[in-house]
Amino acid sequence: MGVTFYHKVEDANDPLFIMAFSGWNDAAESATAAARYLVQHFQGKRVAQIHPDDFFQFADQRPTVKLSESGERQISWPQNEFFYCRAPRLARDLIVGIGTEPHLRWKHFGSDVLQISNHFRARMIVTMGALLAGDLHTQPSRLMAIATDSSLVEPSGVEITRYEGPTGIVGVIHTLMQDEGFAAVSLWANVPHYIASLSNPKATCALLDKLSILGGFDISLEDFDIAINQFDGQVERIISRDPRIAKYVEDIQKGQIPDEIPGVDFQDTFEGDPEEEEEKLPPGAEVADEIERLLRRKPDGPESD
């Protein structure tokens with residue numbers, strides 16, 4: 001079914017094309033939260049959509065059903081939508097794509113993205129992502145970037161990475177734009193792996209800060225001050241309740257994380273029954289599970305659903 005365009009845009013002002021996808025590319029929902037903030041902050045108008053039918057295995061990414069106020073059942077499908085942001089305080093227009101990483105036909109999906117970019121005559125594209133890393137939650141969020149030209153990144157001071165390995169739809173789209181001669185940057189935030197189950201306003205704010213420098217537009221990020229303070233307090237309370245988590249974070253601070261748990265080789269592949277697999281989980285995964293469990297627990301009661 002391809003792309004549907006909903007509105008024309010007259011007199012486009014050098015639009016910057018920005019995208020973020022939930023899934024593998026979006027640790028702690030940091031990148032998609034940044035994209036949604038842009039749409040809300042600048043009152044973006046939906047201008048295009050890539051239809052999901054050709055790109056999703058719905059048995060894996062199931063649609064959801066909700067009841068309307070009148071009691072009618074409504075189906076929500078995985079979305080990949082694009083919003084046009086234009087505001088007097090913006091030095092340039094923004095096209096913001098917010099979506100879900102597709103399961104199928106990534107090259108065709110990238111071609112649809114390219115069609116949208118050409119339709120609105122965008123000359124530069126920035127994709128955003130977030131990855132799990134060994135950083136501490138007490139530290140500012142570190143960012144890294146991939147760029148078709150290093151000069152695109154220099155004003156932001158973000159380090160360019162030479163990463164090689166598995167990639168997601170963000171990497172596929174970035175490479176497509178590179179091959180098509182677009183100026184393209186892929187901007188990534190590091191998220192502490194032991195709090196991956198928490199939405200991370202620090203990483204979101206860091207992405208928006210560097211994005212505004214890369215794109216040459218201004219955005220106020222004061223709204224994040226309260227969210228970051230609450231986040232820091234929440235994480236500290238969780239850590240203080242569990243000596244195992246506190247010890248794990250203390251070891252990270254001291255740089256004393258062991259390469260392996262005694263008797264367990266981290267390079268082993270998980271084979272065998274579930275009990276054996278659980279014994280081979282690295283401590284970070286165990287700590288993340290425990291934090292998620294504590295988050296679901298009410299302050300003075302049992303865990304909530």
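Figure 1. The model is predicted: local features need pLDDT of at least 70 and side-chain atom pairs count only at pLDDT 80 or more, while totals for chains, interfaces and linings use all residues. Residues are numbered from 1 along each chain as its sequence is written, and side-chain values use heavy atoms, with hydrogens and water left out. With a relative accessible area of 57%, L67 is exposed (buried means under 20% relative accessible area, exposed over 50%, and partly exposed in between, with a 1.4 Å probe and protein chains only). When its neighbours within four places in sequence are set aside, L67 is in contact with E72 and R73 (contact means heavy atoms within 4.5 Å).

**Figure 2. The loop position of D54.** D54 lies in the loop between β3 (45-50) and β4 (64-67). Its relative accessibility of 28% places D54 in the partly exposed class. The C-alpha atom of D54 is separated by 8.1 Å from that of G2, although the two residues are 52 residues apart along the chain.

**Figure 3. Positive phi values at E29 and R105.** E29 is not a glycine, yet has a positive phi of about 60°. The loop between β2 and α1 contains E29, which counts as partly exposed at 49% relative accessibility. R105, also a residue other than glycine, has a positive phi near 50°. R105 is placed in the loop between β7 (94-100) and α2 (106-119), and at 40% relative accessibility R105 counts as partly exposed.

**Figure 4. Aromatic pairs F17–F82 and F56–F58.** The structure holds 8 aromatic pairs (rings of Phe, Tyr and Trp, the last by its six-membered ring, pair if their centres lie within 6.5 Å; planes under 30 degrees apart count as stacked, over 60 as edge-to-face and the rest as tilted). One of them joins F17 and F82 in a tilted arrangement, at 5.9 Å centre to centre and 55° between the planes. This pair links distant parts of the chain, since F17 lies in strand β2 (residues 16-22) and F82 in strand β6 (residues 80-85), 65 residues apart. F17 is buried at 0% relative accessibility, and F82 is buried with a relative accessible area of 1%. The ring centres of F56 and F58 are 6.5 Å apart with the planes at 15°, so this pair is stacked. F56 is buried, at a relative accessible area of 4%, whereas F58, at 22% relative accessibility, is partly exposed.

**Figure 5. An aromatic cluster and a charge over a ring.** F5, Y84 and F120 are linked into a cluster by ring pairs. At Y6, the charged end of R46 sits over the ring, 4.0 Å from its centre (a charge sits over a ring if NZ of Lys or CZ of Arg is within 6 Å of the ring centre and within 35 degrees of the ring normal).

**Figure 6. Packing of helix α1 against helix α4.** The axes of α1 (residues 30-41) and α4 (residues 201-215) come within 8 Å and cross at roughly 60° (axes are lines fitted to C-alpha atoms, for helices over the stretch in contact, and angles run from 0 to 180 degrees between N-to-C directions). The angle makes α1 oblique to α4 (under 35 degrees counts as roughly parallel, over 145 as roughly antiparallel, 65 to 115 as roughly perpendicular and the rest as oblique). The crossing of α1 and α4 is right-handed (left-handed if the near helix is turned anticlockwise from the far one by less than a right angle, right-handed if clockwise). S30, A31, A33, A34, Y37 and L38 of α1 meet A203, T204, L207, L208 and L211 of α4.

**Figure 7. Packing of helix α2 against helix α3.** Helix α3 (residues 169-179) packs with α2 at an angle of about 55°, the axes being 10 Å apart. That angle makes α2 oblique to α3, and their crossing is right-handed.

**Figure 8. The chain as context for the close-up views.** The secondary structure comes to 8 helices and 11 strands. Of the 305 residues in the chain, 43% are buried. Among contacts between residues at least 6 apart in sequence, 78% join residues at least 24 apart.

Methods. Helices (H or I, at least four residues) and strands (E, at least two) are DSSP runs, numbered from the N terminus.
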